[in-house]
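Subject: Structure for your files

Hello,

Here is the structure you will be working with. My notes follow below it.

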Amino acid sequence: MSNKEVKAALKSARDAIRNKEYKEALKHCKAVLKQEKNNYNAWVFIGLAAAELEQPDQAKGAYKKAIELEPNQLLAWQGLANLYEKLNQTDVKGDLAAVYQKLLEFYKSDDKQKWCDVCNKLVELYHQEKKYLKVAETWQTLIQMKQEEGAEKAELHQLWKKMIQLLKDSTRNQDNKTEQLLLTAFEHAVNSADTVPGEDHQNLYKDFIQCLLKFPHEAARLEKACNDMMALYPTTSYPLEVLCLHFVHSGALSEEALHCCSRLLKMDASSGPGIIGFGIKSLQEKKYKEAVRSLTEGLRKTNQCPAAWHYLAEAQVKIHKHRNAVLSCNQALEALEVLEGPNLQWKNLTLQLKAETLIKIGDADAAEEAIKALEQIVDASSDPVVSAIRGQAYLNKGLMDQASKISQELLLSHPDLAESHALEGYIHYSLKNYEQAERSFLNAVERKPKTAEYHQYLGLTYWFMSDETKKDKGKALTRFLKAAKLDSYLGSAFFYLGNYYRDIAGDKSRARGCYRKAFELDEMDEESGTAAVDLSVELGDVDTALSILNDITEKASPGTAKWAWLHRGLYYLRSGQPSQAVADLQAALRADPKDSNCWETLGEAYLNRGSYSTALKSFRRASELNPGLVYSIYRTAALEQILGKYENAITTYQQILKKTENYVPALKG
């Protein structure tokens, strides 16, 4: 076949393809290849025809042969791209990307529109495969091309927005380079918008700030974006709220942060982040109750803020609301599970605070929960303070050997740590080794003189060591006073000060003040409440006694505060108000239905009221619960006699006389 015949055959093949006679085209191409096996056009036409005849392998082979022959010719590359696009198979996507990249080289200088079309296709391909860095780099190349061509600002703005859209799912698992390209796209997008200020632009800024929040190391950029948005939208609270929460989460509330919270509260007095910021300020200023109020209110509005929950727990610990503090720690840990980003520091701090708080609760179940919390702290084994907390948890569980082992290890490895000596002190104190406990707590106080708990335990050590140390003003009293001064919410310090002033100093008035303070700090402390009421009565100040009892009974839920109901019931009984006495004594019995003395007193109240039948039932119930209550049995007999049940009365009187022969009221009855 001559050169002229080859050209004619190729023309016939081209015409056959145009007429969709693909088999005919293949015949002409094969004829050419018999003569010229390296004929580029013949191989390209075979690729075209085979592709249309749905013979992809033959088509692919033909195009690749043509490319091998003439790698810098466009036609085969275009054909191969069309073939791969038509196949739409996962296994050829990598090859298709390489083909697109080659096409970009061809079109770069000659056909900008086709270059952009292929660039879009390549980006879409990378996006499907979640190759976000390649998406970002390729799209940025497209934008640079448009900038060189002098594209309008509005077109470039849309391209930057498109880049943001393409990369929005990349924030979960991306590398630093992709992250930087995404943030750059946001910066260009917010700075290239036409309508500023405007709703779309405002929403774009919000998206930018939301994106920055996912990258804790971009704090400076976040603060700049928020400040820039505030300058453009001064009446919008969103950037201020984000800044406030950012400062809260960073763990340091600076002057700038407080100014930010103040501005936010002026704009919106009910803003959750603003109120949270104010609560942390109160915590820093040691206004703990105010801090608890503000943080609780702020968290009702903005509850997914683990740092704020942690600060609330801190404030609750300061006022010794330990069970509430544990709940707040749990909320913080839940919120940390939801949040993205590195929150390990907050998690460790919260777990440690939770464990410390559970130990203050003191029971074995709380100690077990504390141990579980400590096990979750990363690198806990290298922290001696965490080890000391674990030792206390073992002690509270009654595992003395484990607690002692930790104590000995800490004293060897960290002899200058206050917690090492304190743990040793707790162990000696629990074993009533008071002289050794004194040494340990003195060592702890020397290293941490402002820890109220160490002074309190030293005071308790002196209180139980001997009568001499108990009475020595320089021992127990001094330590309790120091503990109360360092921690004005430490109820137990005020309770023991009350004991000292009542039992040692004989100062009932001062003792009552201490007991009352202890009870105000912890309304579950019945011992302090009872002592305050009893001393008020002894001092002839019945009004104060009643005031305390009224406060408690008003707040008490059904089945609680038995001692207060009982005390007030007795007061009403003594002061000739039997109906009020009946009501209070019934409330006391709801808290403890098996208290025989309370039933006996209730019987007395019914009797004084003239309700003989119900009085009889109460006295019977008292004697059933405690057959040794002779007075209740006597009252039962006397009421049976009053109610005309003479035979029953005689039997009951005889029952008393069997036990107590000379019980005069029974003989008389």
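How many residues does helix 22 have, and how far does it reach from its first C-alpha to its last? Please keep in mind that this is a predicted model. Helix 22 runs over residues 400-413, which makes 14 residues, and its end C-alpha atoms are 20 Å apart. That is close to the 20 Å expected at 1.5 Å a residue.

Ala-403, Ser-404, Ile-406, Ser-407 and Leu-410 are the buried residues of helix 22. They lie on the same side of the helix because the arc they cover around the axis is only 160°. The other side has exposed residues, namely Asp-401, Lys-405, Gln-408 and Leu-412. Helix 21 (384-396) and helix 23 (418-430) are among the elements that cover the buried residues of helix 22.

In the model, residues 40-73 are 79% helix and 0% strand, with the end C-alpha atoms 9 Å apart. For residues 596-629 the figures are 82% helix and 0% strand, and the end C-alpha atoms lie 8 Å apart.

Last, the nonpolar cores. The largest has 186 residues, and within it Leu-103 and Met-163 touch the most other members. Leaving out residues up to four places away in sequence, Met-163 is in contact with Ala-136, Trp-139, Ile-143, Leu-181 and Ala-185. There is also a second, separate core of 17 residues, including Tyr-22, Ala-25, Phe-45 and Ala-49.

Regards

Methods
Residues numbered from 1 in each chain as written. Predicted model: local features only at pLDDT ≥ 70, side-chain atom pairs only at ≥ 80, totals over all residues. Heavy atoms only, no water. Helix = DSSP H or I, 4+ residues; strand = E, 2+ residues; numbered from the N terminus. Expected span 1.5 Å × (residues − 1). Buried < 20%, exposed > 50% of the residue type's maximum accessible area, 1.4 Å probe, protein only. Arc of directions from axis to C-beta. Contact = heavy atoms within 4.5 Å. Core = buried A, V, L, I, M, F, W, Y, C linked by side-chain atoms within 4.5 Å.
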